[in-house]
Every structure is written in C-alpha cells, then in structure tokens.
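Subject: Structure for your review

Dear colleague,

Please find below the structure that I am handing over to you. My notes on it follow directly after.

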Amino acid sequence: MLEEARQAGLLDGETSEHVSFRVPPALADAAKREAGITSTTELGMVALALLAQSDPVADFLGRTAGRLGADHDLDTGLH
C-alpha cells in the first residue's frame with residue numbers, strides 16, 4: 001500500500017504533518033500484525049494511504065452497477 005502511495009506522489013516531501021490520537025492497544029496490535037509491521041508510525045501511514053487512494057474494485061462496481069452482459073441469463077430459481 002505504501003508503494004502505491006509513493007507512486008501516486010502521496011509520500012513526496014518532508015514528513016512535517018503531525019497526527020496524534022489514542023486507540024485501544026488491542027486494535028493497534030491487531031492492525032500491525034495484519035499489516036506485518038511493528039512501527040506505530042508506519043501503521044498510521046498505511047492507514048492514511050488506504051484512505052487516500054480509491055479502491056479499484058469499488059470504482060469498477062460503481063461504474064458497472066445494474067448492467068449485465070447481453071448474453072446473461074438471470075436464474076431467479078422461480079419456475
């Protein structure tokens with residue numbers, strides 16, 4: 001995620017913005033484990049990077065909502 005943020009230019013420049021908040025330790029520990037990181041600072045950067053970039057799957061679903069292919073046969077189970 002951080003590499004994608006880097007490629008998008010989101011990590012350019014100095015790190016001068018200070019962000020601080022308190023969370024339950026279990027939440028921070030679980031998030032670090034899931035992300036495979038140990039640094040609280042890196043955890044914050046990963047979290048912000050996830051929020052700062054759009055989700056390509058959600059974008060696709062939004063663009064194609066309600067459209068089925070011409071050959072699609074929707075089986076409703078009612079006969």
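The side chain of Gln53 makes a polar contact with the backbone oxygen of Ala49, at 3.3 Å. A polar contact here is a pair of N or O atoms within 3.5 Å; within protein, one must be able to donate a hydrogen and the other to accept it, and residues adjacent in sequence count only if both atoms are side-chain atoms. Please note that this is a predicted model, in which local features need pLDDT of at least 70 and side-chain atom pairs count only at pLDDT 80 or more, while totals for chains, interfaces and linings use all residues. Residues are numbered from 1 along each chain as its sequence is written, and side-chain values use heavy atoms, with hydrogens and water left out.

Gln53 sits in the loop between helix H3 (40–52) and helix H4 (56–64); helices (H or I, at least four residues) and strands (E, at least two) are DSSP runs, numbered from the N terminus. Is Gln53 buried or exposed? Gln53 is buried, with a relative accessible area of 17%, where buried means under 20%, exposed over 50% and partly exposed in between (1.4 Å probe, protein chains only). Leaving aside neighbours within four places in sequence, Gln53 is in contact (heavy atoms within 4.5 Å) with Met1, Glu4, Ala5, Ala8 and Leu10.

Val46, in helix H3, is also buried, at a relative accessible area of 14%. Not counting residues up to four places away in sequence, Val46 touches Met1, Leu2 and Ile37. Between Val46 and Arg67 there are 34 Å in space, C-alpha to C-alpha, at a separation of 21 residues in sequence.

Helix H4 is hardly covered, as the count of buried residues among its 9 residues is 0. The N-terminal end of H4 is capped by Asp55, with a side-chain oxygen 3.0 Å from the backbone nitrogen of Val57.

The C-alpha trace spans about 60 × 30 × 20 Å along its principal axes. Buried residues make up 11% of the 79 residues.

Yours sincerely
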